[in-house]
Each structure stands twice: as structure tokens, then as C-alpha cells.
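Dear colleague,

Please find below the structure I am handing over to you, together with its sequence. My notes on the salt bridges follow it.

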Amino acid sequence: MQKGLFFSCLLSLALWGCGGANQNANENPSQANGEANQAVEQEMAAKTLEPVYVLSDQFGEKFLLQTDFEGNVAPATPDDLNRYKYIVYNDRYYPVQLNGAQLENEAENNYRDTYYNFDNLPGWLYQMQGGRLLEHPLNEYDAIWGAALLVDENYKNTSKILELKNRKDGSINIVSVSDDVQNKLKEKYGRNILTACASAVFGDNSEYQLVNVQFENKGTEALGVTALVENGEIKAVKEFPATYDEMSTWRVDDEGEFGGLWADLVVLENGVLTLYTVDNGAEGSNYQSYVVKGDALCEGNVSTSLYQAPM
């Protein structure tokens, strides 16, 4: 007899001796199982799903959670995917619904994560529930290029969006950095600054800035820093050291210039400040969430990369 089965038999005998037989006789097994399953479902539904990035079609009407299906055959739809109910774009929520799987069009797929290759990529397809992000495109090249964040109802109910004050008509305006903040960064790193700009301004009183700084090189040692500034004080930093290359230092074909992190969305998630950032390059965009830990900006759990190199 297997060890697991042996102990199961002993447990059954013990329950019988303690009056378990009478209790089981009055219990409906199917009802008990149903109640247990319902309890598990309720517990799972109460948990917030991790946000995920999705690719948009040209107009922001359809969104793709990219997934490779083995053998190009879509499996059964996971229950959790139906719980994603919104995309977040330009500081606003838009309701969406799952429309099932989209299989790869191998003959036409050019492997670019772009609107013009959207219909050829594999993944789970979501549809806007009325309307679209880009209502009046100017031409065939006027399109949604950036990724949107896909979230569930719990995320929407427990998160507060801190609108970007320097966003206008969907575009981010660069903001200058005060001499005082620049001097504090120069003192912190002991290096002169080549360029400095604020890529995000947010907070009820515009008290926060996300600042990108490129310092002068020390020989071939290059340094870029993204700093979260609160009321003129350096709150947290993310350092990007690199070996200088006049063509490609931090990103391919960046010509040795530090672009840094640009806030695409800032939220308070259960009171925790989370920045969803994008780092744009010549061949694509990297999306990454960040949270503050001590005096550092640390990578969160949400990220994706869009490969958009010209053909």
C-alpha cells in the first residue's frame, strides 16, 4: 500500500471513531464542494490582477496581449483574462472586453510590434467598448504608437491616477530643471551636467518632477541619472552608468545622448507611488514600472519591450 493511501485510511478511521460517520451522513458532498469552489473564486476575484502592457491597433480600438501559442493553436481562454476590464491611456480608463485569441499570420508577420503589423501578431485580443482612442486620424501614419496598460476592476478601484501636468493633447512637454536641483545633483555625483530636463510633473500641487540628467564623461565612463524630485529635494534616483560610444551608449543609435525615463502613467496603488515609464529608442520602446525603495527608484513587476525597428 502506498504511504499516502495508508495515512488516508488511518485518518478516515480516526474521523469515524470521533463521530465523523454521523456528520458525513448528514452532509451533501456536492454542496460542500460547490461552496468551497465558490469561496476560492471569491478570494481570487478579490485579488488585483497584475497590470500588463498591450499593443494597440492604429486607432486604439483593438488591443493585443501578445502571447505565442504553441503550434499556432490557441488553448482554452484562462479565466483571469476575462477579469481585465480597462485599458489606461493618457491618464484615463477605457472599458474593454476580451474577444478571444488572435493567431499569428506567419506569411505576413514582419515581427514588428507596430500598428501596421497588429493583425499578424499572436495574442489575446481586447476590443474597446464603444469609441476609440484616435477618433480623427490625419492620415495613414497618424496612429497609436505607444503601449496601453490593461487592468482589472480592483486596480481601478484601489488606484489613484496622478495626472501629468505637462501632458497636453496626449503629448508630453519638456520642463526645465531649476538651478537648485541641478546643483544638488552635481554635488551628489561630483560631476558637471551636460543636459537636464523634467520629463514629468505631477502631484496635487505639481510637487513632483521626474528629472533626467546626463553628466559629463569621465574618460569613457558615461553616466545618466533619472531622479524623482519632491518639492525641490532629491527623493530617489535610478543610475544608468555606461561606456561612452558616440553612436550607441545607452540605446542603439542614441548618438551618445541620454534619453532617460519618461513617465507614461503615475498612480498611487494602495498608497504606494508607482511610476510606469517608457524609454524610447531608435529601434523600439522599453516599458517598466518603478517604485521608491529608500532613496532608489527600483524596478517593479510590470514591463514589456516593443520592437519597432524600421524595415
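Helices in these notes are DSSP runs of H or I with at least four residues, numbered from the N terminus. By that definition, D180 and K184 both belong to helix α5, which covers residues 179-189. They are four residues apart, about one turn of the helix, and they form a salt bridge with the closest N and O atoms 3.2 Å apart. D180 is partly exposed at 44% relative accessible area, and K184 is likewise partly exposed at 23%.

Please note that this is a predicted model. The mean pLDDT of the protein chain is 88, with 85% of its residues at 70 or more. Over residues 1-25, however, the pLDDT is below 50, and this stretch has four contacts in the model beyond near neighbours in sequence. Where pLDDT is low, the predicted coordinates should not be read in detail.

The structure holds eight salt bridges in total. Another of them joins the side chains of E230 and K235, at 3.5 Å from N to O. E230 is partly exposed, with a relative accessibility of 26%, and K235 is also partly exposed, at 33%.

Salt bridges with shared partners also link D80, R83 and D152 into one network. Is R83 buried or exposed? R83 has 18% relative accessibility and therefore counts as buried, since the cut-off for buried is under 20%. D80, at 33%, counts as partly exposed.

With kind regards

Definitions and conventions:
Residues are numbered from 1 along each chain as its sequence is written. This is a predicted model: local features need pLDDT of at least 70, side-chain atom pairs count only at pLDDT 80 or more; totals for chains, interfaces and linings use all residues. Side-chain values use heavy atoms; hydrogens and water are left out. pLDDT is the predictor's confidence in each residue, from 0 to 100. Contact means heavy atoms within 4.5 Å. A salt bridge is a side-chain nitrogen of Lys or Arg within 4 Å of a carboxyl oxygen of Asp or Glu. Buried means under 20% relative accessible area, exposed over 50%, partly exposed in between (1.4 Å probe, protein chains only). Helices (H or I, at least four residues) and strands (E, at least two) are DSSP runs, numbered from the N terminus.
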